[in-house]
Amino acid sequence: MAVGDVMTGDNNETQDERDRLKQRSRSIAIALALLFLVVLFYVATIVRLGPDVLNRPM
Amino acid sequence: MSGMQVNSRIEAGTPVFESSLSDFFQLMKPRVMSLVIFTALVGMVAAPGSLHPVLAVIALLSIAVGAGASGALNMWFEADIDAVMQRTAARPIPRGRITEDEALSFGVVLAVGSVLTLGVLVNWVAGALLALTIGFYVFIYTMWLKRRTPQNIVIGGAAGAFPPMVGWAAVTGGVSIESIVLFLIIFMWTPPHFWALALYRSRDYERAGIPMLPVVAGDAETRKQIIIYSVLLVATASAPVFIGLGGVTYAVVSTVLGAVFLWLALRVWRVRDGRDSDRVAKQLFLFSILYLFALFAVLLGEHALAAWIA
């Protein structure tokens with residue numbers, strides 16, 4: 001195996017690792033954004049329903 | 001230089017690095033976004049009626065994200081010309097920090113998300129106006145007008161003028177003469193603001209093949225148009241006083257600053273040679289930012305004070 005092939009192999013591994021890390025941070029960012037939207041819609045719904053939302057006659 | 005040549009230059013010359021959160025933030029044009037947030041806030045505060053503070057924050061956030069989406073989609077479409085312009089060469093796509101596909105996906109997701117959030121959580125008139133703003137900026141200005149006509153920023157300026165209307169609609173659920181006046185002030189402000197910039201950056205625009213007025217019609221015609229639009233702007237900026245939107249402070253500030261604006265526009269018209277011509281154009285460009293900010297800040301102050309007293 002030539003020196004060049006070893007170097008190319010190393011580069012590919014580094015590239016794969018970099019892609020994996022990039023994908024991971026992207027997944028985390030999407031998860032956080034979705035969580036933020038869930039909280040946002042929950043809070044806005046409570047606000048729109050008003051303070052009497054839990055005050056229901058039995 | 002054709003778009004294809006420029007694109008191949010980007011691909012060959014700049015490696016694609018890992019993008020960071022800050023690159024995506026830069027893609028949203030934060031400085032434009034801050035002006036959009038400010039003018040939308042003025043629209044919300046000046047509007048009659050009230051909105052729950054949580055919903056008001058959500059409305060502002062949606063408008064800001066919508067503006068950011070427009071910026072991202074603009075940078076996606078203009079990556080080729082951004083690379084050859086000194087002012088824009090350091091943006092994330094020409095630098096190879098973000099790929100064009102990433103910018104497109106990011107912009108589309110933010111655009112759809114911001115419109116749906118504003119529509120569902122606040123009201124659909126505001127949501128529809130935000131969709132119109134994004135659509136106008138991306139399709140009408142960026143894709144259609146910018147590379148085709150020197151009137152690009154006159155018509156395209158409407159996109160930047162919509163935010164106070166969106167803010168107003170978020171509170172009232174409608175459009176009224178007051179919000180149209182706020183729209184018109186920014187609409188009339190855009191041409192002298194950008195043409196002043198184009199006067200001292202005309203070589204940049206020429207190199208990128210953008211038909212800005214100084215490139216197509218020459219400096220003399222641009223100076224004449226700056227005068228015309230400055231007069232229209234100052235007249236429009238006095239309208240809030242006559243419809244009860246602006247008070248005494250606004251009347252004084254808009255008159256004084258309007259006079260300074262016209263004086264600077266006249267200087268741009270008279271000083272035509274050498275470095276001084278660039279200097280006076282830059283003065284008008286910088287003052288125009290202060291002018292718009294001051295007008296809206298006074299409106300914000302007057303209405304906030306009135307609400308606080310009541």
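Predicted model: local features only at pLDDT ≥ 70, side-chain atom pairs only at ≥ 80, totals over all residues.
View 1. Chain B is assigned domain 1, residues 1–175, and domain 2, residues 177–304. Their centres, taken over C-alpha atoms, are 22 Å apart.

**View 2. Where domain 1 of chain B meets domain 2 of chain B.** Contacts join 31 residues of domain 1 of chain B to 32 residues of domain 2 of chain B. About 2,900 Å² is buried between these two domains. Carbon and sulfur atoms account for 78% of that area. Four helices of chain B each give two or more residues to the domain 1 side: H3 (30–46), H5 (79–84), H8 (152–161) and H9 (163–172). By class, this side of domain 1 of chain B holds 20 nonpolar, seven polar and four charged residues.

**View 3. Polar links between the domains of chain B.** How many salt bridges are counted between domain 1 of chain B and domain 2 of chain B? The count is zero. Polar contacts do occur across this interface: three residue pairs are found, with both residues at pLDDT 80 or more.

**View 4. Chain A against chain B.** Eleven residues of chain A touch twelve residues of chain B. The two chains bury about 1,100 Å² between them. Of this area, 71% comes from carbon and sulfur atoms. Which residues of chain A lose the most area to chain B? They are A:Lys22, A:Val47 and A:Arg48. Together these three give 43% of what the chain A side buries.

View 5. Two salt bridges are counted between the chains. One of them joins the side chains of A:Lys22 and B:Glu102, with 3.3 Å from N to O. A:Lys22 is also among the residues of chain A that lose the most area to chain B. Four residue pairs make polar contacts across the interface of chain A and chain B, both residues being at pLDDT 80 or more. On the chain A side, the touching residues are seven nonpolar and four charged, with no polar ones.

**View 6. Helix H7 of chain B, its cap and its kink.** Helix H7 of chain B covers residues 124–145. What caps the N-terminal end of this helix? The cap is B:Asn123. A side-chain oxygen of B:Asn123 lies 3.1 Å from the backbone nitrogen of B:Val125. Further along, H7 of chain B has a kink of about 30°. That kink is centred on B:Phe136.

Notes. Residues numbered from 1 in each chain as written. Chains lettered and ligands numbered in written order. Heavy atoms only, no water. Domains from an automatic or database assignment. Contact = heavy atoms within 4.5 Å. Buried area = accessible area lost by both parts, 1.4 Å probe. Salt bridge = Lys/Arg side-chain N within 4 Å of Asp/Glu carboxyl O. Polar contact = N/O pair within 3.5 Å; in protein donor to acceptor, adjacent residues only side chain to side chain. Nonpolar A, V, L, I, M, F, W, Y, C, P; charged D, E, K, R; others polar. Bend = angle between axes of the 7 residues up to and from the residue.
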